[in-house]
Amino acid sequence: MTQTAAPAGTETRIESLYIDGKWREAESGGSFEVRDPATGALVGVVSGGGRADVRAAIAAAAEALPAWGARTAYERSAYLYEIHRRMTDRSEELAQLMTAENGKPIRAARIEVQYAADFLIWFAEEAKRAYGRTIPSSRADQRFLVMHGPVGVVGAITPWNYPVSMITRKIAPALAAGCTVVLKPAEQTPLTAIEVFRILDEVGLPPGVANLVTAADPRPVGQEFTTNRAVAKLTFTGSTSVGKLLARQATDQMKRVSLELGGHAPFLVFEDADPVHAAKGAAMVKVLNTGQACISPNRIYVHRSIEKAFVGALTERITRMKVGSGMSDGVNVGPLIDEDSVRRMERQVADAVAKGATVETGGARLSQDDLRAGNFFAPTVLTGITPDMDIYREETFGPIAAVTVFDSEAEAIAMANDTEYGLASYVYTHDLSRAMRVAEALKFGMVGINDINPTSAAAPFGGVKESGLGREGAREGLLEYLDTKLVGIAI
Ligand code: ADP
């Protein structure tokens with residue numbers, strides 16, 4: 001397949017819809033701009049797909065489905081290995097593009113490309129392990145066979161905070177399972193997605209197997225994904241409010257849905273933990289992706305007896321963070337994605353302070369020198385956080401560490417679980433029994449024990465309660481794209 005699109009990352013307008021193996025403009029001729037959140041500079045102009053384009057992409061995916069599903073798992077796996085190889089070869093290019101459109105520090109962008117590539121290799125391997133099973137029957141003349149087959153055409157919607165890994169986390173298992181896909185990336189970060197699709201094009205994936213629709217307005221895409229009979233499944237990563245909306249829309253046709261939504265992670269530091277080590281972990285995971293991660297700790301609970309040591313170490317580390325453009329040396333905190341996010345930080349800090357919280361460090365927008373044109377907010381520590389404050393309930397999605405004190409294990413567990421969310425949680429303790437007790441009691445999909453990064457392509461990622469449905473990565477990640485069929489045979 002030849003590539004006809006202009007290189008991504010330039011100011012040239014890009015034909016960025018990839019439908020049925022061809023690059024093309026939106027049917028409406030529309031386009032939209034992509035801007036660098038650190039400077040406001042124009043990074044690219046891409047096609048603004050609409051409903052007609054999504055329909056065309058779904059039709060192409062439906063047409064490609066039977067042949068793709070009929071390939072052997074080994075053949076599909078071979079494509080994923082090749083996509084992995086090319087992504088690894090192009091990792092620096094992808095990382096730079098991601099920093100330009102998302103703002104994350106280049107080192108973090110490189111780590112993300114690696115994480116994204118991990119899903120390709122993991123599912124290249126898992127493709128061959130879509131095992132069924134046989135089940136003994138109570139009837140001597142009966143046999144049971146459990147078989148798995150691809151769900152069908154998948155509509156995928158991804159967010160801007162992890163522009164490349166959220167794509168491979170969905171596309172790799174879908175292709176491995178024998179599904180075909182239409183992807184709509186976030187409007188803030190389409191360039192990385194385009195680059196991923198260039199790779200899919202280069203490896204010669206059959207036309208229609210993977211399709212890309214970039215769009216300025218996501219709503220018609222969501223409408224089409226959830227109402228078009230040719231789409232069997234919707235996979236979405238993003239906010240809880242949009243996830244609920246899409247799930248509601250998808251109910252009418254009982255489509256399968258996987259939803260990876262918001263979080264409000266508790267971070268528990270018990271009296272037997274090393275407060276300095278815990279503070280180091282809290283600081284690192286709090287500023288991960290400038291706090292724009294669904295696993296970001298939103299409520300930090302520390303035992304009263306070590307509060308002073310913990311808050312001191314946390315404040316010292318957070319204050320030391322270097323904020324700036326992701327391309328600058330030594331920067332560990334980049335800009336927020338947009339101006340609205342900066343306003344949300346200001347609002348949550350003002351609300352907390354008005355209700356009695358103390359700003360230990362930060363607390364305001366940064367606009368000196370080079371930071372003036374970007375969406376920068378100072379890494380912040382707030383103490384004295386109480387349940388009546390907005391930050392205690394609302395997802396912050398920014399670099400604010402909000403600290404609350406507790407007196408007993410039971411109280412800490414109750415406070416940690418006092419949320420509608422249930423994605424990640426963190427526990428710092430040196431007591432093995434307590435670690436097990438608390439891990440079992442926390443109503444979250446993931447628990448990190450003295451560990452701020454309980455994520456991997458090999459491990460199931462996902463939430464309970466309003467944090468979503470289904471799991472991504474691991475063996476579970478493949479099952480999300482497989483239907484289960486029981487065959488009962490009378491012999
Ligand atoms: P965030 O607030 O973090 O941007 P969103 O849930 O708004 O999270 O966005 C995540 C993804 O969902 C993006 O790709 C966005 O374009 C898409 N999206 C937002 N609103 C809708 C909608 N109404 N229908 C379909 N997709 C949507």
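A polar contact here is a pair of N or O atoms within 3.5 Å; within protein, one atom must be able to donate a hydrogen and the other to accept it, and residues adjacent in sequence count only if both atoms are side-chain atoms. The model is predicted, with local features needing pLDDT of at least 70 and side-chain atom pairs pLDDT 80 or more, while totals for chains, interfaces and linings use all residues. Residues are numbered from 1 along each chain as its sequence is written, and side-chain values use heavy atoms, with hydrogens and water left out.

**Ligand**

Show the side chain of Trp160: one of its polar atoms is 2.9 Å from a ligand oxygen. For Lys184, a side-chain N or O atom lies 2.9 Å from an oxygen atom of the ligand. For Ser239, the corresponding distance to a ligand oxygen is 2.6 Å. The protein covers 81% of the 550 Å² of accessible area that the ligand has on its own (Shrake-Rupley method, 1.4 Å probe; for residues, only the protein chains shown count as cover).

**Three-stranded sheet**

Helices (H or I, at least four residues) and strands (E, at least two) are DSSP runs, numbered from the N terminus. Two strands pair if DSSP finds at least two bridges between them. Select S1, S5 and S4, which form an open sheet in the order S1-S5-S4 with mixed pairing. S1 (13–14) and S4 (31–35) are the edges; each has a single partner strand, so one side of each lacks a neighbour in the sheet. S1 pairs with S5 (residues 42–47) in the parallel sense over two bridges, and Ile14 stands opposite Val46 in S5.

**Seven-stranded sheet**

Next, select the open sheet S15-S16-S17-S14-S13-S18-S19, seven strands with mixed pairing. Its edges are S15 (358–361) and S19 (446–449), each with a single partner strand. Inside the sheet, color S14 (residues 297–303) and S17 (residues 400–406), which run parallel and are joined by four bridges. Val302 stands opposite Val405 in S17.

**Aromatic pair**

Rings of Phe, Tyr and Trp (its six-membered ring) pair if their centres lie within 6.5 Å; planes under 30 degrees apart count as stacked, over 60 as edge-to-face and the rest as tilted. The structure holds nine aromatic pairs. Select Phe267 and Tyr428: their ring centres are 5.1 Å apart and their planes at 20 degrees, so the pair is stacked. Phe267 is in S13 (residues 265–269) and Tyr428 in S18 (residues 424–428), so the pair ties together parts 161 residues apart in sequence.
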